[in-house]
Amino acid sequence: MRCLETPEGTAGTSMGLSETFWISEEDPWQGKPLKLSLATEEIATFYAKMLDHEYTTKEIFQNNFFHDWRKEMTSEEQEIIQELAKCDFSEIHKYFVDKSEARKALPKEEKQKLKEEADKIQEEYGYCILDGHREKIGNFKTEPPGLFRGRGDHPKMGMLKKRIMPEDVVINCSRDSKIPEPPEGHKWKEVRFDNTVTWLASWTENIQNTLKYIMLNPSSKLKGEKDWQKYEVARRLKDVVHEIRARYRADWKSKEMKNRQRAVALYFIDKLALRAGNEKEEGETADTVGCCSLRVEHIRLHPRLDGQEHVVELDFLGKDSIRYYNKVAVEKQVFKNLQLFMKNKDPSDDLFDRLTTTFLNKHLQHLMDGLTAKVFRTYNASITLQEQLKALTNPEDNVAGKLLSYNRANRAVAVLCNHQRSVPKTFAKSMEVLQTKIDAKKKQVEEAQQELKKAEDELEDPKDAKAKANVEKKKKLLKRLEEQLARLNVQATDKEENKQIALGTSKLNYLDPRISIAWCKKFGVPIEKIYNKTQREKFAWAIAMANEDFEF
């Protein structure tokens, strides 16, 4: 364990952070600091660091943390620490806040030193040789121990993520390469030589029992090729999607129930960009579902609703425990099939009881080589972006106006794919700051208008070059200020519209970057306004490949 220096005057612990207080009236430890064992203390710091986060206010997070914390305590500590509510972590929290502030306040030279040290580590561990070329590694560090957060209301939030040891790690390299040395006194779980996979190291994390990998950086040649192949498969779907749609529509009336269920599920995957929903690992407790694993309780049928016929109301937890809620009008035959699938079933019964993800994907492979449910999601996301950009972009707009159109097109995709986020904690404050800037800029515009009027009134003789130049100067100033005000207004609109939508997920994973790059080139928008430096490195292949006429 990496220990912080023990502050002067404290003893018995690694960090000197054992200021956990007891506040119960009858507790003999009331108001007294308790010295904790190393393991117990370290886990206490994980919780204390998060005190200002909403996670620590959630009961499920508190319960999971306390349960796992007690498992790591000594028997004496378990006797004393029996209720989380009696623990005061504020001193530990303050220690880390002060430490963070001190780091921010470091002089420029000290910060530069730290950066140089980090660069040295990056240089030593952050690269590998692939096919004779030096390639950057994505993230060469294992995840540190801490408390699991999850997304949405994940049932495992607050559980202890254990430290990854060398004995947990599988190394993957070439037979003729220099095998990395494990830390002294340790050994790797396994060293394998598998050139059919792209990961360099892997381990199994203890919360969800899933494999984690160290991979190449997204900007690497191998990653770029895989990205390009992914979007090319989605582009191939464009050529056959009409036939596939005709096929599943015909199957809505199939005599085989299995085929009917598959056809309706495929309609949902196509129309609503639902995930297929993989079969669960045994022991997984998060009640998340995808299309194939929907239950009767996740669907309500409305013959008429809000002026529309045959409305399906879907309400379930999808990937990462993010809620999916939607009311959508469907084809009459789909509606009738759903009524049939739900007949004589309990709420907890499977809606598609004859269907599995494996069966669905086998069918998709038969329809088109390389086709999976995810390809539909990539195809529909990319096509939606392209169509929205065509509909929303005004060539006469300035760059700020065009960017607003781009974000609105991207938002249509994020809504389709259900890429939600919580309203950022700093949202209200940042909007307040932005509004203050807008108000100040409005005042400057009004003053500039008055100054221009005054200058025009003073221009009695059109031949007065000095007065005429002054009018032109005031006009230019007013125009510049009006443009700045317009940009700020666009920024405020964009910020408000995006507060609960995560645009990044679709932009990086589901949208063919060539669509965005072609749009930038066609409408004179700098690519760096759409993609930051890291993203431009990731999509270097697309920047080099796409011209303004590219069509997905």
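Modeller: A residue is called buried when its relative accessible area is under 20%, exposed when it is over 50%, and partly exposed in between (1.4 Å probe, protein chains only). This is a predicted model, in which local features need pLDDT of at least 70 and side-chain atom pairs count only at pLDDT 80 or more, while totals for chains, interfaces and linings use all residues. Residues are numbered from 1 along each chain as its sequence is written, and side-chain values use heavy atoms, without hydrogens and water.

Biologist: Which residues of α6 are buried?

Modeller: An α-helix has 3.6 residues a turn, so residues three or four places apart point the same way. In α6 the buried residues include Tyr-231, Ala-234, Leu-237, Val-241, Ile-244 and Tyr-248.

Biologist: How far apart are the end C-alpha atoms of helix α6?

Modeller: The expected span is 1.5 Å times one less than the number of residues. Helix α6 (residues 221-251) has 31 residues and should therefore span 45 Å, which agrees with the 42 Å between its end C-alpha atoms. A kink of about 60° is centred on Val-240 in α6, where the bend is the angle between axes fitted to the seven residues ending there and the seven starting there.

Biologist: What is the phi of Asp-306, and what is that of Asn-344?

Modeller: Most residues other than glycine have a negative phi. Asp-306, although not a glycine, has a positive phi of about 50°; Asp-306 lies in the loop between β11 (299-305) and β12 (308-317), and is exposed because its relative accessible area is 63%. Asn-344, also not a glycine, has a positive phi near 60°; Asn-344 lies in the loop between α8 (332-342) and α9 (357-367), and counts as exposed because its relative accessibility is 77%.

Conventions:
Helices (H or I, at least four residues) and strands (E, at least two) are DSSP runs, numbered from the N terminus.
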